[in-house]
Amino acid sequence: MEIVEVTRGVWWNVPTLFKIMVYLLAIVSAYLIYKGIKERYRLWKRGKVEERKPDIGTAIREVLTHSRILSEKKPGLMHALIFFGFFVLFIGTLIVAVDADTPLHIYHGKFYLIVSFLLEIAGLVLIVGLIIALRRRYVEKPERLKPETSDDYVVLWLLLSVAVTGFIVEGVRISAQGFPSFEKVSFVGYALGKIFNFLGLGGSKTHKFFWFIHAILSFGFISYIAYSRKLMHIIVTPWNIAYRDPRPYGVVDRIPDIEEQESFGLVRIEDLTWKQLMDLDACMGCGRCQDACPAYSTGKPLTPKGIIRKLRDHMEERFISGRSEEECGPYEHIEDEVIWSCTTCAACMEKCPARIEHIDKIVEMRRYLTLMEGRIPEEMALALRNMENNFNPWGVGFASRADWARDMGVSTMSEKGEAEYLLWVGCAGSFDDRYKKVIKCLVEILRASGVDFAILGVEEKCCGDSARRLGNEYLFEMFAMENVEVLKNYNVKKIITACPHGYHVLKNEYPQYGWSGEVYHHTEFILNLIKNGKIKLKKGIGYKTVYHDSCYLGRHNGIYNEPREILREIVPAAKYLELPRNRENGFCCGAGGGRMWLEERIGKRINIERSEEVASTGAELIVTACPFCLTMFEDGIKVIGKEEAILRKDIAEIVREAMEN
Amino acid sequence: MKAVCFVKSVPDTETRVRLTGNRLDKSEIKYILNPYCEFAVEEAVRKKEAGIVDEVLVISMGPSRAQEAIRSALAIGADRGVHIEDDNLDGSDAIVTARVLVEAFKKEGGLDNYQILLFGLRAIDGDTWSVPSMIAELLGIPAVTNIVKLDINGNKAIAIRMVEGGEEVFEVELPCVFAARKGLNEPRYPSLPSIMKAKKKPITRYTISDLGIPSDAVGKVGSFTEVLEYTLPPQRQAGKKVEGEPEQVVEELIKFLREVANII
């Protein structure tokens, strides 16, 4: 019996000239890829310095598990097929390289058979993924993939041609080698070989030809990676994930020494940090952010992807085309209305598989409009003046901040001296008649549970959330510093608040000004009281109930379960429904990012869109845990004519009504 | 051509007015630049931006907090300030205020230097509406008050004044006093660099002796009028509902309006 060595012979039928060519191409494409990355790196380095620590573990995990990518099934599957097909083929190529270029001749025998089979599968998987991708481009044409560039198509066809010629080379080789029976593991190649053989093209000449084509296409593809906006993501995106901001979404950073600065926000593209510039390159334009964006989906001109793309184009026109900052500015292609449309709800950031950070860029642009130009909507000027003069955006006289508490006899810190908990009432709880009722319920809950607490009264000022997110960092800083001083004065260590915006700012942003402590949102705190048996609830809300996730509570701070657990204690399971868009996919009420104070002039109003969603479930009660959300529903539900049919309540009100003690 | 704006520091519109005895309790008041003065300053700055005016001066009389009002005006874009501060000025009425402002204005060169004199129509605290016209009278120049439009054309100005049911269009020769009302413009939200710059702009301080005014000519002593007492408006009472048959209700209502409310 003839002993056949089970291997393919890596350089089989390859003339020396081709062989030399391969090594030359490898060197050239390695150099090109290095040069391309270096060029992008050079662009990022023109940004400002920013301290970031890479979290390589998360990057590897997110790439290998595809956790974010697969959050959308179909496009996720498409990417997974292409990625894993490509990835396995890449490993296979490394094995071949080791076999060919080192003394370790591993690519034979059983190992050869297993690897060959796996590569065969990988090739098929890759091709299936690419076909799904081409179908999306040519047939389905989802809106979010627009605007397209030729790059989007070149990449797919190039990769497909590499995969197909790979199979052809294999097939023709198997044919030319006389169909050794062990090669049946390479079932696609084996079958293709039979076809080529039948066509009379199964000889070594054809093999040489396709081998040459396959080699050129493969190295062409590798060289193209660093020059294709699309393929660049293979390299940049994992790094971008590693260098992501580990803090909650939408934590805004200080402008250091604000009084000493002469320019504020994004005036020139160089005002972004290196990481913010890298973000621009990490975008491969999948458009998930755009689909999730409440502004975009209600007809506003904002698309998160569009902003990232336009900033990248601008970065290139400045740094590559060499146009000066006088010749072109970042706002030539980004209109003010785009920038004001954002609710900072972080739906885009939650969806972005590359973990691009959109909010910080929007805030930088708003800082420019507000602080540098004073180019702001009229009603925004009013809200800011109200904050300046009366320390609340409503503009109610600051002296009446604690009026609501007078009939209830709630003590202030100045009266009490100290208390275990500070109840941070917030502007809504202090001045908005609707939310005053919620705060009163919360006070009754705290009292019934024997919690030792006090309020700041007129010493409390606006937390500054809206001011900061509308770009008025100067005003925010004033509030932050004054509030922090008061908190330190009373040695406050623990805070309870019913406002997710105050919660976010106190917990995640005031540490920038020297105060940190335990901050509890009332949903967290109430749930604890229930668990510790401090409040007894009776089940029995008869209404079909839905809960709306506040963005600053949910996506920004991960509080999804607490309110639901509370509701589970009160609402019978059969009566509790989830909104179609819930938890991480929650749809903003429209009031975040300071939009509470701005008119919504373009498109459909976001709160109406969301109110209709509530109505579509047949709900009779919408529960919120945020003053802004409650206001938006009070308004939205009325506008859609469901004022009688759907009750609007804060979770504290539901708990208060269900309490037995 | 130069413009001068006379401005006042006033309690914020949302201030809860409280009295200690029959005096104003000023402990919990947040002071702002009088909103009507803001229209005046904005207009002057716009005229400067349009190249019509070369300098905008801001003059204010009042305690140290008046400086903040001047800074607010400087942040909008005025060039420099004059602050008249003197303990003797406490209790001055409108005519005394007008006289002091005129002296300060003369010290700055008066009508030789400034041809456009801009005011807020009224200050939202004292609400006398009278200082602009008094100053025009003291300087012997015309005044157009309650204006919603101001066009400067060489030595002349066309100002549109709101009157009941319509508008009056005036053509006046400069120098002239103009008093701004809402609608003249939409005051800008000053940019942060402007606010920072305003902190470095010069403010000249005068006492009454700097202006050559004797102390018995100002304050309570020098004033024609004196505030004797402040009282708060009556607390709003709960509404009264009249029920019954129509004829009966109407009768009762008329009786109420005649005898209790004293309206008819």
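This is a predicted model: local features need pLDDT of at least 70, side-chain atom pairs count only at pLDDT 80 or more; totals for chains, interfaces and linings use all residues.

Student: What makes strand S8 of chain B and strand S12 of chain B a pair?

Tutor: Two strands pair if there are at least two bridges between them. Here 5 bridges join S8 (residues 116-120) to S12 (residues 176-180) of chain B, so the pair meets that cut-off. The two strands run parallel, and Ile116(B) has Cys176(B) as its bridge partner in S12(B).

Student: Which strands are the edge strands of the open sheet of 9 strands in chain B?

Tutor: The sheet has the order S11-S10-S9-S12-S8-S1-S6-S7-S13, with mixed pairing. Strand S11 (166-173) and strand S13 (203-206) of chain B are its edge strands, as each pairs on one side only. From one strand to the next, the twist averages 30°.

Student: Why is helix H15 (residues 359-373) of chain A called largely enclosed?

Tutor: A residue is buried if 20 or more other C-beta atoms lie within 10 Å of its own. In H15(A), 13 of the 15 residues are buried, so the rest of the structure largely encloses this helix.

Student: What span is expected for H15 of chain A?

Tutor: At 1.5 Å a residue, 21 Å is expected, and H15(A) comes close to that, reaching 20 Å from its first C-alpha to its last. After H15(A) comes Gly374(A), with a positive phi near 60°.

Methods. Residues are numbered from 1 along each chain as its sequence is written. Chains are lettered from A and ligands numbered from 1 in the order in which they are written. Helices (H or I, at least four residues) and strands (E, at least two) are DSSP runs, numbered from the N terminus. Axes are lines fitted to C-alpha atoms, for helices over the stretch in contact, and angles run from 0 to 180 degrees between N-to-C directions. The expected span of a helix is 1.5 Å times one less than its number of residues. A residue is buried if 20 or more other C-beta atoms lie within 10 Å of its own, exposed if 12 or fewer, and partly exposed in between; C-beta atoms are placed from the backbone.
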